[in-house]
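Have the structure open as you read.

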Amino acid sequence: MKESALSKNERTFILSALSENRRLDGRALDEFRDLNIHFGSDWGCCLVALGGTKVIAQVSCEVQQPKSTRPNEGLLLLFVELSPMAAPHFDSGRQTELAVQLNRLLEKCIKDSRCLDLESLCIAAEEKVWALRVDITVLNHEGNMVDAASIAALTALSHFRRPDVTTTGDQIIIHAPGERDLLAITVHHYPVCVSYAIFRRANCILADPSAIEERVSDGGLTFGVNACRELCTLHLGGHAPVTAQVVLQFASRAAARAAEVVNKMKEALRKDLDNRISGNITGFKECIEVNSRLSLEKDNFCVQLNSQGIKDGVKRITEKTEVEGVRNNEGESQREGFVDQHVVVLLGKGSAELINRKQKTVQSERNYRLPENEDSDENDDGDDDDDDDGDNEVSSSESSSSELISESSKSFKGSEDMDEALTDSEKEVAVESQKLGHSSSMNIVKGIELSGDSDENVTLSGLDKNHSENVWANQQPKSESEESNESRQWYADSMW
Amino acid sequence: MDLISDQGLRLDGRRPNELRKIRCKLGVFNQPDGSAYLEQGNTKVLAAVYGPHEIRGSRTKALHDQALINCQYSMATFSTGERKRRPRGDRKSIEMSIHLRQALQAVIKTELYARSQIDIFVEVLQADGGNYCTCVNAATLALIDAGIPITEYMVACTASLANGETPLVDISHLEETSGGPNLTVAAMPMSGQIVLLEMSQRFHLDHLDKVMKHALRGCQEIKAVLDKAVRDHVASAGAACNWEFKTD
């Protein structure tokens with residue numbers, strides 16, 4: 001499958017947001033996502049989650065003949081697999097260019113930097129040595145697989161235990177784990193990779209790019225640094241020429257981040273060791289959270305409202321049960337509030353919103369109007385703790401189709417900028433602009449029939465400006481709406 | 001093994017900041033649109049450029065606003081000390097091809113040839129360290145020979161650190177494998193922009209500055225040599241038509 005095309009709108013949106021030093025997920029330009037390290041029940045099995053990117057590494061060992069050029073050293077094989085479950089455009093089969101690059105980068109970082117003591121893996125010189133094989137599988141691609149993969153590989157290598165071997169004259173005895181304790185592998189230093197994405201047009205460099213940022217970026221800079229500020233690998237790639245200054249500047253930042261990461265790794269290793277000693281082996285169970293969404297693309301869609309005018313407007317709205325009509329502009333957006341009690345609030349002229357009664361306040365806050373200036377971009381709203389509930393894609397992550405689609409009522413002047421990454425997911429923000437001419441009252445509809453739920457294959461899209469009104473009118477008085485409500489009820493419950 | 005002797009000489013008798021001897025020739029083949037042969041010390045590389053021509057294979061790969069650059073890096077089986085079983089298609093060669101393409105794409109004016117393809121084939125005849133750099137340099141010469149417009153020379157150079165303190169330029173195979181770090185830089189020497197950076201082994205961050213500067217300086221020196229070779233070639237090719245050259 002080919003990678004889905006990146007629309008110009010998404011690209012320009014991200015670039016213009018970057019020129020104002022804002023990122024799509026609200027992080028600072030040099031901020032990294034959360035790093036979580038989990039261990040499996042076997043030795044040498046490690047799952048690393050860097051934000052949404054999830055990578056699993058497994059170490060195994062085997063006795064083999066050493067290389068003729070290095071007869072005293074053990075072998076280390078790294079194999080990176082981009083699993084088709086990680087992204088729709090990954091195919092199983094021959095390694096793609098990306099996989100080869102990832103593989104080579106990790107090999108250079110871990111093998112060439114000689115971070116493992118391979119000589120201790122020698123059993124009989126020139127005949128038998130331990131061959132370690134690290135299999136790294138990318139489970140989910142949300143950008144910056146290199147970092148996650150390097151952390152996973154190193155943690156797995158430090159976590160791994162190999163069987164003990166005794167050589168008595170001619171005989172070589174490999175002891176079973178029950179007989180003798182398994183031995184750890186000596187790791188001299190931990191060269192973790194730290195990646196940055198370079199944007200020429202916006203003239204900035206981001207740390208830990210997400211998937212969409214990577215696609216829009218012009219180049220990437222990856223440093224393999226260890227905790228002692230030693231550079232183990234360096235890779236500058238893509239279409240963005242840089243100057244030496246920039247490289248040096250980011251090298252020192254990368255070193256700081258690497259030190260943090262190594263601490264976290266050691267901490268996680270220590271905790272796991274304690275767990276195992278106390279007999280409390282949990283495996284990966286604990287990292288699969290039952291109370292959160294797993295199958296959707298994004299965790300949340302964060303929007304920050306800046307202008308005071310917006311906040312005032314929002315307050316006014318929340319006090320009313322009937323909202324003033326909205327002015328619809330081009331673009332499309334819709335937002336769903338997810339709750340137990342679905343009510344559809346018809347905002348007039350073909351736009352509607354599914355609102356949760358009890359969370360109405362929060363929801364409405366999201367409805368904002370862009371003031372005369374075009375500055376209000378979308379940002380992370382740190383105070384809003386209902387982020388998770390707020391916008392979620394409902395149903396499938398197919399765009400349009402079975403959702404209630406409202407015309408976007410973005411009253412932004414520069415609305416192209418705001419048409420951000422909406423293609424795949426359904427996170428859309430219902431922007432409600434304050435009147436300016438229309439004042440049809442909102443009708444609270446008890447239920448709404450979604451296309452796909454009925455025989456009528458009505459597909460609403462933001463383009464159907466003219467048709468949407470009629471469609472709404474047709475759909476409202478259906479009795480099956482209750483049913484569809486319930487099916488959405490199910491959906492809501494399984495979400496949280 | 002001491003990379004630097006007491007007199008400050010390297011294993012092959014060079015000073016730490018000396019480049020190896022560069023010999024090159026443009027236009028060595030008839031069939032390709034452009035070709036070049038480059039020797040840097042003992043590393044010998046042949047480069048051939050075909051293009052711009054229509055996209056071979058699937059039309060879907062065509063880019064509507066720029067030319068597609070296709071690079072292939074191949075090492076002859078006799079190029080290394082031990083016979084190479086696979087001249088191309090293994091991971092290292094694919095990685096080299098990707099890096100080559102990346103470096104050259106930065107200088108080729110691809111926007112002039114929409115929906116076309118430019119093929120660059122590079123064959124290493126003898127690998128004695130700095131393979132990638134010699135390939136990039138040879139490819140640049142071949143592109144010039146083919147008449148494909150490029151914004152600048154794309155030059156690559158390696159640098160290393162001996163004994164943890166002295167930077168070496170243009171390292172040979174022995175110096176590479178002796179365990180010292182090596183940094184490969186592909187840059188546009190006139191503008192000073194770095195297009196590709198690769199590093200292996202390890203050294204302390206504080207040395208990065210030094211080593212990079214040396215590599216960039218090496219790039220500029222190589223560019224001077226290449227530039228002279230190009231001008232000589234053009235002058236001899238156009239001697240009959242009295243082509244004149246302004247010395248820059």
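In this predicted model, A:Arg257 pairs with A:Glu260 in a salt bridge, and their closest N and O atoms are 3.9 Å apart. Look for both residues in helix H5 of chain A, which covers residues 244–277. They sit three residues apart there, or about one turn of the helix. Is A:Arg257 buried or exposed? With a relative accessible area of 11%, A:Arg257 is buried, because anything under 20% counts as buried.

Now move to chain B, where B:Arg10 forms a salt bridge with B:Glu175, with 3.1 Å between the closest N and O atoms. This pair links distant parts of the chain, 165 residues apart: B:Arg10 belongs to the segment before strand E1 (22–26) of chain B, while B:Glu175 is in helix H3 (residues 173–177) of chain B.

A:Glu97 forms a salt bridge with B:Arg101, the closest N and O atoms lying 3.0 Å apart. The pair runs from helix H2 (residues 97–112) of chain A to helix H1 (residues 91–105) of chain B. Here A:Glu97 is partly exposed, at 37% relative accessible area, and B:Arg101 is partly exposed too, at 24%.

Salt bridges can also join up. A network of them links A:Arg104, A:Glu107, A:Lys108, B:Arg91, B:Glu95 and B:Glu198. Over all chains, the count comes to 28 salt bridges.

Note on methods
Residues are numbered from 1 along each chain as its sequence is written. Chains are lettered from A and ligands numbered from 1 in the order in which they are written. This is a predicted model: local features need pLDDT of at least 70, side-chain atom pairs count only at pLDDT 80 or more; totals for chains, interfaces and linings use all residues. Side-chain values use heavy atoms; hydrogens and water are left out. A salt bridge is a side-chain nitrogen of Lys or Arg within 4 Å of a carboxyl oxygen of Asp or Glu. Helices (H or I, at least four residues) and strands (E, at least two) are DSSP runs, numbered from the N terminus. Buried means under 20% relative accessible area, exposed over 50%, partly exposed in between (1.4 Å probe, protein chains only).
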